Amino acid sequence: MDQTRELEAFIVDEIALGRGIRAIAPDQDLLAGGLIDSLGITQLVTFLEDRYGIRVGDDDLTPANFRTLQSIEGFVSAKQPC
């Protein structure tokens, strides 16, 4: 499973559970659409740290890093060692 699909599956199955959401477009605004709230960001950060072995610091908690699947994927790629 590629990273975008893995992120989408986590958000749909864990964060948006019970909302009837089956898919998320890579450029869909997760924050403005209310798909992810502050609790969802906490869940997502824990998932990213555990799954991808990255550390998400306080300075990383900006809307730009978590707005879309694409931005989350770019953030994770930038945090992973080369």
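Modeller: Gladly, and keep in mind that this is a predicted model. Let's begin with K79, which has a relative accessible area of 33% and is partly exposed.

Colleague: What makes K79 partly exposed?

Modeller: Buried means under 20% and exposed means over 50%, with partly exposed in between. K79 has 33%, so K79 is called partly exposed.

Colleague: Why is D60 called buried?

Modeller: The relative accessible area of D60 is 15%. The cut-off for buried is under 20%, so D60 counts as buried.

Colleague: Why is the pair of K79 and D60 called a salt bridge?

Modeller: Their side chains meet at 3.0 Å, N to O. The rule asks for a Lys or Arg nitrogen within 4 Å of a carboxyl oxygen of Asp or Glu, so the pair of K79 and D60 qualifies. K79 lies in helix α4 and D60 in the loop between α2 and α3, so the pair ties together parts 19 residues apart in sequence.

Colleague: How many salt bridges does this rule give?

Modeller: The count comes to 3. Another one is formed by the side chains of E6 and R51, at 2.7 Å from N to O. This pair links distant parts of the chain, with E6 in helix α1 and R51 in helix α2, 45 residues apart.

Colleague: Are E6 and R51 buried or partly exposed, and how do you know?

Modeller: E6 has 16% relative accessibility, which is under 20%, so E6 counts as buried.

Colleague: Now the helices: how do α1 and α4 pack?

Modeller: Their angle is about 120°, and their axes are 10 Å apart. The crossing is right-handed. Among the residues making the contact are L7 and I11 of α1, and I72 and V76 of α4.

Colleague: What kinds of residues does the contact of α1 with α4 divide into?

Modeller: There are 5 nonpolar, 3 polar and 2 charged residues. Leu, Ile and Val count as nonpolar, so L7, I11, I72 and V76 belong to that group.

Key: Residues numbered from 1 in each chain as written. Predicted model: local features only at pLDDT ≥ 70, side-chain atom pairs only at ≥ 80, totals over all residues. Heavy atoms only, no water. Axes fitted to C-alpha atoms, helices over the stretch in contact; angles between N-to-C directions. Helix = DSSP H or I, 4+ residues; strand = E, 2+ residues; numbered from the N terminus. Left-handed = near helix turned anticlockwise from the far one by under 90°. Contact = heavy atoms within 4.5 Å. Buried < 20%, exposed > 50% of the residue type's maximum accessible area, 1.4 Å probe, protein only.
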